[in-house]
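Take a moment to turn the structure around on your screen before reading on. We'll walk through it piece by piece, from the overall picture down to single residues.

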Amino acid sequence: MALDRFRRMVQELTSFRANQRFAREQFVRLSLRQLLLSTRDRSEHPCPVCETRVPINNGTAVTTEQGMFGVGPLVRYRCANCDAVFGPLALLDLSEAGLIEEYKLLYRAYREGATTGIQASVLEQTEPRSGERILNFGCGTWKKGLARLLASGADVWGYEPSLPKQHDRIAQHLSELRGPFDVVFSHNLIEHLQDPVAQFTAWRQMLSPNGRMAHATACYEWLYDESPFHLWFPLGRSVEVLASRTGFRVTGRRAFNRGDKANFYEVVLFQRQDAADR
Ligand SMILES: [Zn+2]
């Protein structure tokens with residue numbers, strides 16, 4: 001009967017889709033697992049925040065028993081000098097191009113949800129004034145949030161290198177950005193940086209004198225360590241150390257939804273240090 005055939009077809013199609021998804025997830029898992037197993041032996045590694053040479057041994061290791069996607073255990077290391085925890089080293093030390101390849105693979109199997117509401121709240125923490133130029137760095141899918149801010153008269157821009165062109169005001173390449181900006185902000189970004197010192201230094205150069213930044217993540221606490229893509233955790237003194245090494249001052253921090261892991265995040269505010277301010 002036609003209806004039976006139709007039902008069978010739908011069933012086969014659905015299971016084909018499910019199998020495709022399963023295959024993609026398995027591919028991500030195996031690829032990451034392989035990469036993590038390829039970590040080369042070494043006796044020390046520079047801390048990505050303070051450059052102290054951290055001994056690589058059981059005394060400094062912080063192990064997450066099971067990484068997400070079923071990639072097995074994740075091992076990171078704690079810097080006694082600044083409290084930062086960094087690793088897995090296999091991902092931290094990948095070339096930039098190599099890391100981008102891993103993200104492309106990841107995004108074929110997984111998508112991050114839009115976080116437009118949180119982004120607006122992060123920006124609000126910087127108390128933007130009218131006429132100020134604002135940059136959302138690593139904005140993700142942001143067409144709606146951008147439209148809302150533009151409608152309010154704000155001079156806002158975005159930067160998102162890993163997605164197709166979304167809007168005239170969302171750059172895909174750094175060369176498209178015309179600074180200086182008065183405010184730079186991000187959400188769930190800084191824990192993904194391979195070289196936080198280099199990125200904070202670059203942000204300093206993009207900002208106007210005494211410009212402000214707000215960077216939000218849950219990783220100011222030891223949370224979401226199951227993601228192998230979280231390459232460092234700005235714990236303890238490391239936020240202050242990073243700020244002072246790169247020409248910033250920490251001017252505030254606010255936690256939201258503490259105790260509710262899925263919705264928890266913390267915003268740290270930075271101000272560019274300039275001669276007049278010292
Ligand atoms: Zn350190």
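The protein has 7 helices and 13 strands. Keep in mind as you look that this is a predicted model. Along its principal axes, the C-alpha trace spans about 80 × 55 × 40 Å. There are 278 residues in the protein, and buried ones make up 32% of them. Now think about who touches whom: among contacts with a separation of 6 or more, 63% are between residues 24 or more positions apart.

Let's start with the sheet of 7 strands. This open sheet has the order β8-β7-β6-β9-β10-β13-β12, and its pairing is mixed. Its edge strands are β8 (170-171) and β12, each of which pairs on one side only. Inside that order, have a look at β10 and β13 (residues 265-272), which pair in the antiparallel sense over 6 bridges.

Another helix, α4, lies across β6, β9, β10 and β13, and runs at about 140° to β9.

Stay with α6 for a bit. Which residues of helix α6 (residues 196-206) are buried? They are P196, F200 and W203. Look down the axis of α6 and you'll see these buried residues fall within an arc of 55°, so they line one face of the helix.

β3 (residues 61-67) and β4 (residues 72-78) pair in the antiparallel sense over 5 bridges. Within that pairing, T64 has L74 in β4 as its bridge partner. The two strands β3 and β4 form a hairpin with 4 residues between them, and in the turn F69 has a positive phi of about 65°. Next, β4 is joined by 2 bridges to β5 (residues 85-86), and this pair runs antiparallel. Here Y77 stands opposite F86 in β5. While you're looking at strands, here's a handy rule: in a regular strand the side chains alternate between the two faces of the sheet.

Finally, let's visit a loop. S130 sits in the loop between α4 (116-124) and β6 (133-137). Is S130 buried or exposed? S130 has 8 other C-beta atoms within 10 Å, and a residue counts as exposed with 12 or fewer, so S130 is exposed. Now look for G70: S130 and G70 are 60 residues apart along the chain, and their C-alpha atoms are separated by 47 Å.

Notes:
Residues numbered from 1 in each chain as written. Predicted model: local features only at pLDDT ≥ 70, side-chain atom pairs only at ≥ 80, totals over all residues. Pairing = 2+ DSSP bridges. Buried ≥ 20, exposed ≤ 12 C-beta atoms within 10 Å, placed from the backbone. Arc of directions from axis to C-beta. Contact = placed C-beta atoms within 7 Å. Axes fitted to C-alpha atoms, helices over the stretch in contact; angles between N-to-C directions.
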